[in-house]
Amino acid sequence: MLNCVRPTFNMDMWPLLLLLVQLCLCSGYEGSGQYSYGDDEEWYFRTYQGTPWCAPIKYVKHGSVSCSAPTGQQHKNVMGTRCKIRCKQGYETQSSEVVCMASRRWSSNYACQEVRCPKLNMPVNGGYKCSDGSYFNSRCEFFCAPGFGLKGQKTTTCQHNKAWSAGVPTCVDMDPPKIKCPNLKDKWAEPGKLTARVTWDTPEGVDTADGILTDVVLKGKPSKSNFPEGLHKLSYTVFDRAGNKGSCRFTVRVRVRRCSQLFAPDNGYMNCDSDGDNYGATCSFKCTGGHELSGSAARVCQYGLTWSGTETKCSPMNINVGVRTAAALLDQFYEKRRLLIISAPTAANHNYRFQMTNLQHAQCGLDLRHVTVIEVVGTYPAQIGRIRHTVLPPGLALQLRYYWDSNHTHTHTHTHTHMHPYTSIFMRTFTDIIHPPAPHPNPNLNPLLTSTLKSCLHFQTVF
């Protein structure tokens, strides 16, 4: 510390004296420039009352200062002195230039203060966190609530111009809703069917944003439907209020228990319901005319995937045409064979040809493959009776026609009656009721033979 000496001086030495006083201050002085009209300036004002000088600005924190006296004086704090203030980037001052006024105070605050950006708005359904509030160089990072996605810049920084480097983003519902489809086991078709009824609970979707769903759409058959055999692909799609959608997929597999494939026997044919070899399906067998069935007439596919019954065969019919009477011939067809008798005066008769054409299954829709046809063609004594390729004795052929004539004469005469051909509907009806009667003790006097012949001969075209 300097020892102050009071020299003798005149008024012209006043400026020099003031300089010495500044150098000899017991407490020292160092202006910070941080607080305008603060401790430094107040201290200087109290200490040097009556001195027309402002507190000197030696330096400005976070900035620089350049002062000039009005008359180029050496002292830069006399009245009228102007000081230009320059702040570092990120800092600002109230005024870029201050003037020492007659009040011995500077015209405005000259401290460099940190730049501060406007307060950020909080995004809806989201928020942000900053490294240093709203001050210069503070970096703020935005985030959204679960289920929402950020649309815009994720971060923003306070710049020296008091503006944020990016605007406030928005939190939008960008997360699709979630839905879980059912996991179904394979279903087996019911007996005799090729479909299975499949049931499941409709899944519920979940929206991770606001929890509100607008619609759930199923692509495919709904629950409790009958699904055919095979693999079926289905899917559910769920939508939220923002239009986002989520999907899931699942499959329904229907299986059918099946037996090994059956085949029609030789000289026979087979009709099956359902799909022919599935569990519960029934296959029936019939033999073509001139053959008779042995084994099972019908077989069912069982749960264990085996067929019921025994193997079906069609063996040639052993028709004895060497019998003496028509009754004995017809008795061979009793309850086990189907019979159709056709009588015509000549093979050239157009009705006869037409009726034989109608017997063809492909043309009239009547299946007579299992019916044995007896033809009696011609007139006595040149008439011919036959069963397929087997020729009947003339006596049997004559008896068959005699019994027909005796039951279809008009006015008790043997005048031939001409009949139009029957349609396939009538033919089917009458073949279904052909059941020859049981043998009579006296075949020549069998009282039911007439009705038997009547049923059989309903198919006669011309006699």
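I started with L150: setting aside neighbours within four places in sequence, I found it in contact (heavy atoms within 4.5 Å) with F142, C144, P169, T170, C171 and M174. L150 sits in strand 8, residues 149-151; strands here are DSSP runs of E, at least two residues, numbered from the N terminus. Buried or exposed? I got partly exposed for L150, at a relative accessible area of 27%; the cut-offs are under 20% for buried, over 50% for exposed and partly exposed in between, with a 1.4 Å probe and protein chains only. I also checked V172, 22 residues from L150 along the chain, and their C-alpha atoms are separated by 6.5 Å.

A note on what I'm looking at: this is a predicted model, where local features need pLDDT of at least 70, side-chain atom pairs count only at pLDDT 80 or more, and totals for chains, interfaces and linings use all residues. Residues are numbered from 1 along each chain as its sequence is written, and side-chain values use heavy atoms, leaving out hydrogens and water.

I found an open one of 3 strands, order 17-18-20, paired antiparallel; pairing takes at least two DSSP bridges between two strands. Its edges are strand 17 (268-272) and strand 20 (298-300), each pairing on one side only. Strand 17 is joined to strand 18 (residues 282-287) by 5 bridges, and C272 stands opposite C283.

The other open sheet I looked up has 4 strands, order 11-16-15-13, with mixed pairing. Strand 11 (187-188) and strand 13 (213-219) each have a single partner strand, so one side of each lacks a neighbour in the sheet. Strand 11 runs parallel to strand 16 (residues 245-255), with 2 bridges, and K187 is opposite V254.
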